[in-house]
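Subject: Structure handover

Hi,

Here is the structure for your files. My notes follow below it.

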Amino acid sequence: MWNSPVTKIDQIETMILDIPTIRGHVLSMATMRTQTAVLVIVRFSDGSDGIGEGTTIGGLSYGPESPEGIKSAIDTYIAPALVGRDADNLNGAIQLIDKLVKGNRIAKTAVEIALWDGLGKRLGVSVAHLFGGAVHDKLPVAWTLASGNSETDIAEAQQMIDIRRHNIFKLKIGKRSVRDDVAHVARIKQAVGDAASVRVDVNTAWSLQEARWGLKGLQDAGCELVEQPVPARYRRAMAELTSGYEIAVMADEALNGPEDALAVTKARAADVFAVKVAQSGGLKRASEVVAIAEAAGLGLYGGTMLETGLGTAAALQLFATVETLDWGTEFFGPLLLTEDILAEPITYHDFCVQIPKGVGIGAALDPDKIAFFRRDTGRTITAVAGE
Ligand code: MUC
Ligand code: MG
């Protein structure tokens, strides 16, 4: 109808949350003891709202966006461009921001998730529904062993198998020598045997020569997959490793949106894509990365930036719509944190994560937790009001 009222984007609020991890998470480039998330709340003219998250790993050690930079890009450039615009036109918002803001994929993701969440809530449907409908109600979920100690990792793996929470393990390697890393992986694979799938993530730490030694050793140890063994820009090296060994090679840092997905596919520089919503630039761009992998016959894996329950819920909405995820997912982010920020946490059992039910992304915030963990005014408020 020509005079039907249009719901507008009224306000975009951002805040940084710092949440401790349950143990040190030792990666090749950083050891995490806290995860920092940028939370976005978009308020709309009809009184509805939407929530989103933009998260990276290890400050600026993983990728080109920091939590502080994500918040600043949203506050300074993305929010002013979107306020006053049609809230229901997601494509319009995505195209406008892509024109005005280069890169900054995680910042774009945080706002885009909040827009999808708001649209779903207004229409009374889930975000999976907006992406064509869910074909899964649960997905296999890996756990990352990254305590930095083989004995601790073996005990952790055994416990996860015993409680039927995870039987896929991703080991973070690349910090020690290749020889020590291969020995570490072999010990863990020997300990879990056929009860679990063992994979590794090198987070770009190896040269091509190190990767040749590494892949041979990992393969012999029964490791099934190696994620991003060499730097993201080493496409030819990734292609050599992909064709040269039986162990599956997965691209992660090399995949920043659909253009990279196409280039990696053309170069045959991976067997599997770790598709991360944040790295792709949002749910829509991640769905395009998925489509490229599907068209090329590549394997798919749902990747994480170790988001809280909020970003994890959003990713689950999208991956619930993906037909085949041969390598499962790693949507365990909330489990690595001492506390989740959702009113109702995402549930994990029988080696799977459940797709959250409900409208939008299927998640609501716990206001007390937000007040406690927010960097600007947190902790003191709760310390006074709480215990
Ligand atoms: C990465 O590089 O994949 C995902 C799981 C995990 O433990 O770290 C991340 C980042
Ligand atoms: Mg990775």
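First, a term for the notes: buried means under 20% relative accessible area, exposed means over 50%, and partly exposed is in between (1.4 Å probe, protein chains only).

The ground rules come next. This is a predicted model, so local features need pLDDT of at least 70 and side-chain atom pairs count only at pLDDT 80 or more, while totals for chains, interfaces and linings use all residues. Residues are numbered from 1 along each chain as its sequence is written, chains are lettered from A and ligands numbered from 1 in the order in which they are written, and side-chain values use heavy atoms, with hydrogens and water left out.

The sheet

Helices (H or I, at least four residues) and strands (E, at least two) are DSSP runs, numbered from the N terminus. Two strands pair if DSSP finds at least two bridges between them. Seven strands make an open sheet in the order E5-E6-E7-E8-E9-E10-E11, and the pairing is parallel. Its edges are strand E5 (143-145) and strand E11 (299-303), each of which pairs on one side only. On average, neighbouring strands of this sheet are turned by 30 degrees against each other, direction ignored. Angles run from 0 to 180 degrees between N-to-C directions, with axes as lines fitted to C-alpha atoms, for helices over the stretch in contact.

Helix H11 (residues 283-296) packs on the sheet and touches strand E10 (272-276) and E11. Contact here means heavy atoms within 4.5 Å. The direction of H11 makes about 170 degrees with that of E10.

Inside the sheet, strands E7 (residues 197-201) and E8 (residues 225-227) run parallel and are joined by three bridges. Arg199 stands opposite Leu225 in E8.

The metal site

What holds the magnesium ion (ligand 2)? Asp201 (OD), Glu227 (OE) and Asp252 (OD) coordinate the ion, at 2.0 to 2.2 Å. Donors are N, O and S atoms within 2.8 Å of the metal (3.2 Å for Na, K and Ca); water is not among the atoms, so sites may look incomplete. Along the chain the donors follow the spacing D-x25-E-x24-D. Asp201 in strand E7 and Asp252 in the loop between strand E9 (248-251) and helix H9 (258-266) are 51 residues apart, a pair that links distant parts of the chain. Asp201 is buried, at 0% relative accessibility. Asp252 is buried too, with a relative accessible area of 0%.

Salt bridges

A salt bridge is a side-chain nitrogen of Lys or Arg within 4 Å of a carboxyl oxygen of Asp or Glu. By this rule there are 26 salt bridges.

- Arg285 and Asp98 meet at 2.7 Å, N to O. Arg285 lies in helix H11 and Asp98 in helix H2 (residues 90-100), so the pair ties together parts 187 residues apart in sequence. Asp98 is partly exposed, at 26%.
- Glu240 pairs with Arg212, with the closest N and O atoms 2.6 Å apart. Glu240 sits in helix H8 (residues 235-244) and Arg212 in helix H7 (residues 208-220), so parts 28 residues apart in sequence are tied together.
- Asp376 and Arg374 meet at 2.7 Å, N to O. Asp376 is exposed, at 54%, whereas Arg374 is buried, at 18%.

Salt bridges that share partners also join Asp98, Lys108, Lys284, Arg285 and Glu288 into one network.

Cysteines

Zero disulfides turn up in a search of the whole structure, a disulfide being a pair of cysteine sulfur atoms within 2.5 Å. Cys223 is buried at 5%, and Cys352 is buried at 12%.

Best wishes
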